[in-house]
2 protein chains.
Amino acid sequence: MDIVSPRGFLYSVAKAGIKYPDRYDIALIYSKKPAQVAGVFTTNQIKAAPVKICMRRIRSGQAQALILNSGNANACTGQNGIDNALKITNYLADRLNINKEHVLPLSTGVIGVPLPVEKIIKAVDELVSSLGNAQPAQVAEAIMTTDTFPKLTYRQIKEDTALTILGICKGAGMISPNMATMLCAILTDAKISSDLMKEALRDAVAQSFNSITVDGDMSTNDTVLMLANGESDIKIERKTTLWKQFKGALTDLCIELSKMIVKDGEGATKFITVNVKGAKTAQDAKRVARAVANSLLVKTAFYGCDPNWGRVIAAAGYSGVSLKEEKIEIYINDICLFAKGMPTIKEEDLKESLKQSEIEILINLNLGKGQAKIFTTDLSEEYVRINSAYRT
Amino acid sequence: MDIVSPRGFLYSVAKAGIKYPDRYDIALIYSKKPAQVAGVFTTNQIKAAPVKICMRRIRSGQAQALILNSGNANACTGQNGIDNALKITNYLADRLNINKEHVLPLSTGVIGVPLPVEKIIKAVDELVSSLGNAQPAQVAEAIMTTDTFPKLTYRQIKEDTALTILGICKGAGMISPNMATMLCAILTDAKISSDLMKEALRDAVAQSFNSITVDGDMSTNDTVLMLANGESDIKIERKTTLWKQFKGALTDLCIELSKMIVKDGEGATKFITVNVKGAKTAQDAKRVARAVANSLLVKTAFYGCDPNWGRVIAAAGYSGVSLKEEKIEIYINDICLFAKGMPTIKEEDLKESLKQSEIEILINLNLGKGQAKIFTTDLSEEYVRINSAYRT
């Protein structure tokens, strides 16, 4: 797929040698004009230095440059970590001759290791002098860690090419403090206020990046930043058809990116959708879906192509949500396995269907109208191997 | 170790052929006199039929016989499951000529499969006619599923042999609905009211069976039942030295049994104690300890002998408990790895120490006096193999 960039954004990448020599590990995304900005961040109470800086800086509603690196998360590095990130962003602002507060850092990689500031400063010179020489796909590659493929996509709305939204992200476990995390930059040439964009972004993230789980762990660095530079001259205002289209396109883009992350889940062999319906509230539905999606026993069962609905219902039962056993229905790939308090078919009949690489578990609680979907993976020996052997 | 049984209890085992032929899979524990009873059960909202029956019956405060089986959990079996369990317990009560309400069923094994009632009724005849022929260790063996060794121990207080508490349990994953669960029968010849015993049991379970986790999953069948038949003639009353001794011995016994379960954790290669201190409350401490103990990334890191404190602090950070990063201290096997917001030593220096089979992770939040300990295991490829390949 050819990727289309929104107007007015420039890209560059460089080899800073942060963790490995001779690998593109740092990238710059620059908007010719200061852009409106919105962000969503990890809710982990342990937040990396770049996350703290971004959270503070986006309050102004404006940003112009994102500097992204892999190989080092700059997390659990104390005041020194903040100082290092500021040194780098200030230097970049000077070189670009833009407002210091308009530079936002995003980092992913090892926790607890100081950033190699000198190496990065050197790379910043290169990023600035080569600005415009890279494509979005190269940015996506520069931020990969355990990712096995670069993740980016775009959407266009209104007369084909008039307005573009581009998303670039990385992530392969929800977290692996040594290397992984979820970072995402979304760029658009729409003309939209940061407040309105924040609203659209929160909704989109809730249905996408906040609806996936690989291992239930949550990173110190998870960051989604969205910039809108207005270069399309198409203004988006609330309660218009365009607003709906924009929200729809953004959500769709985020879901596509988040599915890429799940498909690249460490050691994953299957893509599993846990779809919960009939809960009293959407929140209840999400809790049940999350408990099922994070259950090791559910994940290992599906890895083994075992239609083990007993593990599914047991996970629903300890989710903390109030249930009625006799009302619950469980379907796997549209086949009903459990209803009215009892199993309905022989599980063996499902074996073949479970050999597919995409599985849908549908749980109808039959208590109300709340629903939620969570995307996840199975759990294989390979996950254990990746996460136990990485540094040994 | 020779196991001492409290006075006035008799045991028998039989081969009912519930799941496998020619295997002791059913056991009877009988008290010559009606005993005081107390119980603690799974908080999973999906409860197996025997759990529902036990919860109702122990309200009377009295019980006289426990019938325990492996091979079938009698869970998610609807009204039929209740009816089947009642058929069996009623038949047993008739044969023993005791009050029907004084028979308590405990089941572990496959979920969603009807109990083979006829086979079990036949075995009940054998259990009754051979009552007294078995030792506690044989009962422990009859209730094993994926357990690799029988689990039982005892404590005596007051003049060596005067008062005995015996515990028999099974469990190897916190749950594997096809086969595993946690069942425990505690028997004593103390003279104690069911209310007082309930209090002692709740405390003991909180520090033992409710402080372990293998995979974070919680069974539909988890049951701890305690019977006191008074045959020692030693009366236990509140606010006496004996009460303290009794509570201490009971807690100690439960901790020993729960450690056996963790050590037998599916695929486990290491026994890990997560010790959280300095939390605002004991509840906060338990939440942090549980988040760390259940983190796949922490468990796989320790499997790989990787002193990855980054994964530990990240798990603490998403536990939902309010933390101050700069106050947190993390020790692994007494060596400080993280303090004042930054790493303190080279992780490589810890490598050797992590090769031990017992690991202690100590997290001091330095915010208060709350503390909690959780016992858990690492996570190996073998866990995945056991739980994915079991039925395939």
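B:C76 is buried, with a relative accessible area of 2% (buried means under 20% relative accessible area, exposed over 50%, partly exposed in between, with a 1.4 Å probe and protein chains only). The model is predicted: local features need pLDDT of at least 70, side-chain atom pairs count only at pLDDT 80 or more, and totals for chains, interfaces and linings use all residues. Residues are numbered from 1 along each chain as its sequence is written, chains are lettered from A in the order in which they are written, and side-chain values use heavy atoms, with hydrogens and water left out.

**Two cysteines with positive phi**

- B:C76 sits in the loop between β3 (62-69) and α2 (78-96) of chain B; helices (H or I, at least four residues) and strands (E, at least two) are DSSP runs, numbered from the N terminus.
- Although B:C76 is not a glycine, its phi is positive, about 55 degrees.
- Most residues other than glycine have a negative phi.
- B:C305 also is not a glycine and has a positive phi of about 55 degrees.
- The loop between α8 and α9 of chain B holds B:C305, which counts as buried at 16% relative accessibility.

- In helix α1 (residues 49-57) of chain B, the buried residues are B:A49, B:P50, B:V51, B:I53, B:C54 and B:R57.
- Those buried residues of α1(B) pack against β2 (26-41), β3, α2, β4 (103-107) and β9 (223-228) of chain B.
- α8(B) is largely enclosed by the rest of the structure, because seven of its eight residues are buried.
- The buried residues of α8(B) are B:L296, B:L297, B:V298, B:K299, B:T300, B:A301 and B:F302.
- B:S295 caps the N-terminal end of α8(B), with a side-chain oxygen 3.2 Å from the backbone nitrogen of B:L297.
- Just after α8(B) comes B:C305 with its positive phi.

- B:V292 belongs to helix α7 (residues 282-294) of chain B and is buried, at a relative accessible area of 1%.
- Apart from neighbours within four places in sequence, B:V292 is in contact (heavy atoms within 4.5 Å) with B:V274, B:V298, B:V312, B:A315, B:A316, B:I361 and B:I363.
- B:T376 is 84 residues from B:V292 along the chain, yet their C-alpha atoms are separated by 9.8 Å.
- B:K327 lies in the loop between α9 and β11 (329-332) of chain B and is partly exposed, at 38% relative accessibility.
- Residues up to four places away in sequence aside, B:K327 touches B:N364, B:L365, B:N366 and B:L367.

**Interface between chains B and A**

- 60 residues of chain B are in contact with 60 residues of chain A.
- The two chains bury about 4,600 Å² between them, 58% of it on carbon and sulfur atoms; buried area is the accessible area (1.4 Å probe) that two parts lose on being put together, summed over both.
- Two salt bridges are counted between chain B and chain A, a salt bridge being a side-chain nitrogen of Lys or Arg within 4 Å of a carboxyl oxygen of Asp or Glu.
- One of the side-chain pairs that meet in a salt bridge is B:K52 and A:E325 (3.5 Å, N to O).
- On the side of chain B that touches chain A, the elements giving two or more residues are α8 (296-303), α9 (309-317), β13 (342-343) and α10 (381-389) of chain B.

**Salt bridges within chain A**

- Over all chains, the count comes to 34 salt bridges.
- A:K15 and A:D22 form a salt bridge with their closest N and O atoms 2.8 Å apart; A:K15 counts as partly exposed at 36% relative accessibility, and A:D22 as exposed at 63%.
- In the salt bridge between A:K151 and A:D264, the closest N and O atoms are 2.6 Å apart.
- A:K151 lies in strand β5 (residues 151-157) and A:D264 in the loop between α6 (241-263) and β10 (271-279) of chain A, so the pair ties together parts that are 113 residues apart in sequence.
- Both partners are buried, A:K151 with a relative accessible area of 0% and A:D264 with 6%.
- The side chains of A:D233 and A:K191 meet in a salt bridge at 3.0 Å, N to O.
- A:D233 lies in the loop between β9 (223-228) and α6 and A:K191 in the loop between β7 (183-188) and α5 (194-207) of chain A, so this pair ties together parts 42 residues apart in sequence.
- A:D233 is exposed, at 57% relative accessible area, whereas A:K191 is partly exposed, at 36%.
- A:D147, A:K151, A:K170 and A:D264 are joined into one network by salt bridges that share partners.

Conventions
Polar contact = N/O pair within 3.5 Å; in protein donor to acceptor, adjacent residues only side chain to side chain.
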